[in-house]
Amino acid sequence: MTIVSVKVLSTVNAPYGTALSAEQLASKISDPASALSFDASAFSFFSEVDEKLQVSFLDEMHVDPAIASDLARKFSALAGYPLPLARAA
């Protein structure tokens, strides 16, 4: 596991007592259903992980940035405040 994945997963997993793998998290942050189900791990990624680290994780896990950005916009609307990737193209 890379340092990027370790940092991201420690931020996302620790507060919720989960043990997601990098692949599982990548799936959640690229699935529109995550917003519909109010997935705490996906929201944690978009709201608690540093923006540069988010971008690095997307690149490392081959997640389409446009798809992740769209999901971030959905979470941003649900949360009522802007999330960093919600601004991305």
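These are my notebook entries on what I looked up in the structure above.

**Entry 1: ground rules**

I noted that this is a predicted model, in which local features need pLDDT of at least 70 and side-chain atom pairs count only at pLDDT 80 or more, while totals for chains, interfaces and linings use all residues. Residues are numbered from 1 along each chain as its sequence is written, and side-chain values use heavy atoms, with hydrogens and water left out.

**Entry 2: the whole chain**

I looked up the secondary structure and found 6 helices and 0 strands, where helices (H or I, at least four residues) and strands (E, at least two) are DSSP runs numbered from the N terminus. In sequence order the pattern reads α-α-α-α-α-α. The radius of gyration is 11 Å, close to the 12 Å that the globule rule gives for 89 residues, so the chain is as compact as a globular protein of that length; this radius is taken over C-alpha atoms, and the rule is 2.2 Å times the number of residues to the power 0.38. I also wrote down the span of the C-alpha trace along its principal axes, which is about 30 × 25 × 20 Å.

Next I turned to contacts, meaning heavy atoms within 4.5 Å. Among contacts between residues at least 6 apart in sequence, 60% join residues at least 24 apart.

**Entry 3: burial and surface**

Of the 89 residues, 39% count as buried, where buried means under 20% relative accessible area, exposed over 50%, and partly exposed in between (1.4 Å probe, protein chains only). The chain exposes about 4800 Å², and carbon and sulfur atoms supply 60% of that area; accessible areas come from the Shrake-Rupley method with a 1.4 Å probe, and for residues only the protein chains shown count as cover.

**Entry 4: salt bridges**

I then looked for salt bridges, each being a side-chain nitrogen of Lys or Arg within 4 Å of a carboxyl oxygen of Asp or Glu, and the structure holds 4 of them.

One of them joins the side chains of aspartate 39 and lysine 28, at 2.7 Å from N to O. Aspartate 39 lies in the loop between α3 (33–36) and α4 (40–48) and lysine 28 in helix α2 (residues 22–28), so the pair ties together parts that are 11 residues apart in sequence. I checked both partners for burial: aspartate 39 is buried at 14% relative accessible area, whereas lysine 28 is partly exposed at 25%.

Another links arginine 87 to glutamate 51, with the closest N and O atoms 2.9 Å apart. Arginine 87 lies in the segment after α6 and glutamate 51 in helix α5 (residues 51–60), so this pair ties together parts that are 36 residues apart in sequence. Arginine 87 is exposed, with a relative accessible area of 60%, and glutamate 51 is partly exposed at 30%.

Salt bridges with shared partners join Asp70, Arg73 and Lys74 into one network.

**Entry 5: alanine 79**

Finally I looked up alanine 79, which sits in helix α6 (residues 65–79) and is partly exposed at 29% relative accessibility. Alanine 68 is 11 residues from alanine 79 in sequence, and their C-alpha atoms are 16 Å apart in space.
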